[in-house]
Amino acid sequence: MTTTDERNWAGNLVYRAERLAAPKTQEELSAVLAEARRASVIGTRHCFNDIADTTGTLISLAEMPREIDVVGDAVRVSAGTRYGDIAPQLQRAGRALGNLASLPHISVAGAVATGTHGSGDRIANLSAAVRAMTLVTADGDVRELRRGDDDFPGAVVHLGALGVVTHLELDTEPDYEVAQRVFDAPRWADVLARFDEVTALGDSVSIFTAFESTDVARQLWVKRRVPHGEIDTALIERIGARPADGPRHPIPGVFPDACSEQNDVPGPWFERLPHFRLAFTPSVGEELQSEYLLPRERAAEAIDALQTLSSSIAPLLHVCEIRTMKADDLWLSPAHGRDSVGIHFTWHRDEPAVRELLPRIEAIVAPLGARPHWGKIFTMPGDEVRSRYDRWEDFRELQQRLDPRGIFRNAYLERVGL
Ligand SMILES: Cc1cc2nc3c(=O)[nH]c(=O)nc-3n(C[C@H](O)[C@H](O)[C@H](O)COP(=O)(O)OP(=O)(O)OC[C@H]3O[C@@H](n4cnc5c(N)ncnc54)[C@H](O)[C@@H]3O)c2cc1C
């Protein structure tokens, strides 16, 4: 029975929780947990599936004290803080994060819990920047987990299954600037034949396609740290891409106002790494998303094979984005143990049609080792998802140890076998 009207950001999910609690202090949080039969924490609600749902108490940390403390080469933040709020304060302290997702609107805790990523051959996902975390478990115990601790690589990407994360400490580096350029219509055959060279064109590269053509992709976005040299124009010519003659939005038909500045104009890292500005609705708003993370060496094969579904994909699609990530050692990270490529789909908000199409996409990408993004829509069965993670049983043991009464279990976790 639904007793709250609380929805996720995309509006495709009404949480099934009986109540929403917004504790203001650690004591109030412990009291909420002590009373809860089942509970789940929500961040900024940007997941497209029921990962953050519960039949019990939905806990929002939005009213807990907001903390952003830059200490030496790290920043300690309260869990509900958004990346977009941390960034200016870091910049004032002369520091920066090494990576951001396509939007600055998401909470640090929610992003880290799901292995959220940006793009870059040499940049790992956002969870890999976590140096320490404070976790309140179901019985109200407060645990500090730090890089180097045995449980740490299991606990960082936790899918909400271990408890309430109240604080995170992230790696920072000296402040830097980024400039981005957009190129139109690179030829698919050349992009796939030179995939490694194309994704090495910048620190962070995205290839966008709407699957409207099997000959050319839509856009190539290249973000480079400043100072940078000349871009490899010979490669740009070889793949048939043209410099964009004005600002671009990745989604066909959407005005580029919401996009971060392009045309190689340098700016702060947090105003260039995300595609979208904090003050605007990111992406299209009316949408759903799915994404599959593949071993890097299988990506070109996967993209090529997906072209055979173009006529089924295109009518449901706003845009597809292809990005790269460096491997990490976090047990449930989609990039665990392998350099990865994410093939991401932004869909029109027609969930039945998307769910009907996904098994055909998954039939192509699953045999190539795809792991679905934890926060987006997928239909791959739980046993297949688990088989992709060699530390799965270790994570289950950690979950049973930290949440023996299963307070944080929900339908999503049960479906994947947790
Ligand atoms: C427009 C848009 C663009 C996106 N772009 C990207 C992208 O570039 N790259 C990418 O990888 N993903 C992207 N995503 C997906 C998004 O990053 C993830 O869904 C991420 O989890 C969102 O964080 P959130 O705080 O909104 O999470 P929520 O949906 O609120 O929660 C996600 C999970 O985190 C848990 N959680 C949240 N806070 C806590 C806490 N304090 N303690 C314990 N558990 C907690 C929840 O229980 C749940 O399991 C995008 C989503 C949207 C809507």
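This is a predicted model: local features need pLDDT of at least 70, side-chain atom pairs count only at pLDDT 80 or more; totals for chains, interfaces and linings use all residues.
The domain assignment divides the chain into domain 1 (68-175) and domain 2 (177-378). Their C-alpha centres are 24 Å apart. At the interface, 40 residues of domain 1 are in contact with 36 residues of domain 2, and the area buried between the two domains is about 3100 Å², with 61% of it given by carbon and sulfur atoms. Polar links also cross this boundary: 16 residue pairs are in polar contact between domain 1 and domain 2. On the side of domain 1 that touches domain 2, helix 2, strand 6 and helix 4 (152-155) are the elements giving two or more residues. Helix 2 provides the largest share of that side, with six residues. The rule also finds three salt bridges across the interface.

Helix 2 itself spans residues 83-92, and its buried residues are Tyr83, Gly84, Ile86, Ala87 and Leu90. These residues lie on the same side of helix 2, because they cover an arc of only 150° around the axis. Among the elements covering them are strand 4 (68-71), strand 5 (74-78), strand 6 (95-96) and helix 3 (108-113). Just past the end of helix 2, Gly94 adopts a positive phi of about 75°.

A closer look at Ser290 takes the reader to strand 16 (residues 288-295). With a relative accessibility of 0%, Ser290 counts as buried. Its side chain makes a polar contact of 2.9 Å with the side chain of Trp347, and a polar atom of the Ser290 side chain lies 2.9 Å from the backbone oxygen of Ile377. Beyond its neighbours within four places in sequence, Ser290 has contacts that include Ile343, His344, Phe345, Val354, Leu358 and Lys376.

Note on methods. Residues are numbered from 1 along each chain as its sequence is written. Side-chain values use heavy atoms; hydrogens and water are left out. Buried means under 20% relative accessible area, exposed over 50%, partly exposed in between (1.4 Å probe, protein chains only). Helices (H or I, at least four residues) and strands (E, at least two) are DSSP runs, numbered from the N terminus. The arc is that of the directions from the helix axis to the C-beta atoms. Contact means heavy atoms within 4.5 Å. A polar contact is a pair of N or O atoms within 3.5 Å; within protein, one must be able to donate a hydrogen and the other to accept it, and residues adjacent in sequence count only if both atoms are side-chain atoms. Domain bounds come from an automatic or database domain assignment. Buried area is the accessible area (1.4 Å probe) that two parts lose on being put together, summed over both. A salt bridge is a side-chain nitrogen of Lys or Arg within 4 Å of a carboxyl oxygen of Asp or Glu.
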